[in-house]
Amino acid sequence: MKQLNQNFEKLPKERIAEFCICCGSEKLKNSPAVLMPFVAERVFNWKQIKIDKTWGLNTIKNGQTYSICNTLLCSKCNFLFLDIRFSDKELSNLYNNYRGIKYTKLREKYEKNYEKRNKDLIKGITYLDEVEKFILKNIRLPVSILDWGGDTGKNTPFKNHSKKIHIYDLGNSKTVNGTIKVSKSNLKNRKYDLIVCSNVLEHVSYPSETLFDIKKNMSLKSLLYIELPYEKLIIEIENKKKSYESKKHWHEHVNFFSKKSILKLLKKCKLKLVDFRKLDVAEGNFSLMQIICRKDFDQ
C-alpha cells in the first residue's frame with residue numbers, strides 16, 4: 001500500500017473496492033447488504049424478480065430477489081462505503097435526466113410517494129443563506145463561480161453577486177437564468193475564484209478523481225467549497241452508539257464520510273483546509289459538513 005499512498009492521483013479503478021478510497025488503508029471491515037432495487041435497475045438493468053416453483057430450482061428457496069453487496073468500513077478513518085464502484089457509464093445511467101420523468105417513474109415504482117418528495121426537492125434548499133455566510137468569511141464579492149455537479153444551478157450561491165456562474169453536471173437539465181452550462185472541454189485552462197462542490201462526493205465512485213479534476217480549474221487564490229451529508233449513522237459510529245453492520249442497504253449515496261475521512265482525502269489530494277463546520281438543518285432534521293479549502297502551496 002505504500003506505493004498507493006504516494007500516488008493517490010492514480011488510484012486503480014476496481015469494480016469491487018479493496019482499499020479505502022479516502023486514506024488508502026486496506027484494513028476494511030465488511031458486512032452483507034443489498035443494493036436498492038431502483039439503483040440496481042437504473043444502473044445495471046437488474047430487475048427485481050420473484051422465484052417460484054416454475055423455476056425448478058432445487059437448492060434455492062422461493063421468494064423475492066435482491067441485488068447483494070457489502071458495506072465496508074475503513075478501520076483507520078471511519079469511512080463507510082458501498083463495495084461496488086460504479087463506472088463512469090453506470091453513473092451516467094443513474095444521473096442522466098436526474099429527477100426527470102423516467103427517473104421519477106422508475107423510482108416511484110419501487111418507492112411509493114417518491115414523486116411528491118421529488119417535487120419538494122426540486123424547490124431548492126432552505127439553507128442557502130447559511131452557505132453564503134460561511135463562504136463569505138473567506139472571500140470577497142463579486143466572484144467567478146464554477147458549480148461542479150450543480151444540476152440546474154438553483155442552489156448555487158451568490159447568483160446576484162458574481163462575475164459569471166458556470167455549471168458543470170453529468171445530467172442535462174436546463175440551468176436557471178444567470179448561469180451557463182459548460183462541458184469538460186469548456187473548462188480547459190479556465191480558473192475560477194470559487195468552485196462549489198455541493199452534495200457530489202457522496203455519489204461518485206472515486207472522490208479523489210473528482211477533486212483532482214476540480215483542482216485543474218483552481219489557482220492558488222481559488223477557494224473550493226465542499227458540502228457533504230453528515231449522515232446520522234456516521235455520527236453514531238463516531239460516538240460508538242451503533243455498528244457499521246447496521247447499514248443494510250445502499251442507494252444513491254455510495255459514500256458516507258466521517259470528519260476524519262474527508263480530511264484524510266483532502267490531504268491525499270493536496271488540498272489545504274481553510275475552514276470546517278457542522279451545520280444542523282432544522283427544516284429537514286439532518287446535518288451537513290461544510291468545508292473550505294485551497295490548493296496546497298507546497299505542492
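Tutor: Two strands are said to pair when DSSP finds at least two bridges between them. This structure is a predicted model, and in it Ile 226 has Ile 291 in strand S14 as its bridge partner.

Student: What makes strands S10 and S14 a pair?

Tutor: At least two bridges are required. S10 and S14 are joined by six bridges, in the antiparallel sense, so they pair under that definition.

Student: Why are S8 and S13 called edge strands?

Tutor: The open sheet has seven strands, in the order S8-S7-S6-S9-S10-S14-S13, with mixed pairing. Strand S8 (180-181) and strand S13 (271-281) each pair on one side only, which makes them the edge strands.

Student: Why is S14 described as largely enclosed?

Tutor: A residue is buried when its relative accessible area is under 20%. Eight of the 10 residues of S14 are buried, so the strand is largely enclosed by the rest of the structure. Helix H7 (residues 207-215) lies across several strands, including S14, and runs at about 150 degrees to S10.

Student: What does Ile 226 touch, apart from its neighbours within four places in sequence?

Tutor: Ile 226 is in contact with Cys 197, Leu 201, Leu 211, Leu 266, Met 289, Gln 290, Ile 291 and Cys 293. In the largest nonpolar core, which has 71 residues, Ile 226 is one of the three that touch the most other members, together with Phe 86 and Leu 224. Helix H2 (residues 37-44) gives the most to this core, with five residues. There is also a second, separate core of 18 residues, including Tyr 127 and Val 196.

Student: Is Glu 252 buried or exposed, and how do you know?

Tutor: The relative accessibility of Glu 252 is 7%. The cut-off for buried is under 20%, so Glu 252 counts as buried. Glu 252 is found in the loop between strand S11 (249-250) and strand S12 (255-256).

Student: What makes the link between the side chains of Glu 252 and Tyr 103 a polar contact?

Tutor: The N or O atoms must lie within 3.5 Å, one able to donate a hydrogen and the other to accept it. The side chains of Glu 252 and Tyr 103 are joined at 2.2 Å, and those of Glu 252 and Tyr 98 at 3.0 Å. Phe 38 is 214 residues away from Glu 252 in sequence, yet their C-alpha atoms are 9.4 Å apart.

Student: Why is the protein said to be as compact as a globular protein of its length?

Tutor: The protein contains nine helices and 14 strands. Its radius of gyration is 20 Å, close to the 19 Å that the globule rule gives for 299 residues, so the description applies. Buried residues make up 48% of the 299 residues.

Methods. Residues are numbered from 1 along each chain as its sequence is written. This is a predicted model: local features need pLDDT of at least 70, side-chain atom pairs count only at pLDDT 80 or more; totals for chains, interfaces and linings use all residues. Side-chain values use heavy atoms; hydrogens and water are left out. A nonpolar core is a set of buried Ala, Val, Leu, Ile, Met, Phe, Trp, Tyr and Cys residues joined through side-chain atoms within 4.5 Å. Buried means under 20% relative accessible area, exposed over 50%, partly exposed in between (1.4 Å probe, protein chains only). Helices (H or I, at least four residues) and strands (E, at least two) are DSSP runs, numbered from the N terminus. Contact means heavy atoms within 4.5 Å. Axes are lines fitted to C-alpha atoms, for helices over the stretch in contact, and angles run from 0 to 180 degrees between N-to-C directions. The radius of gyration is taken over C-alpha atoms; the globule rule is 2.2 Å times the number of residues to the power 0.38.
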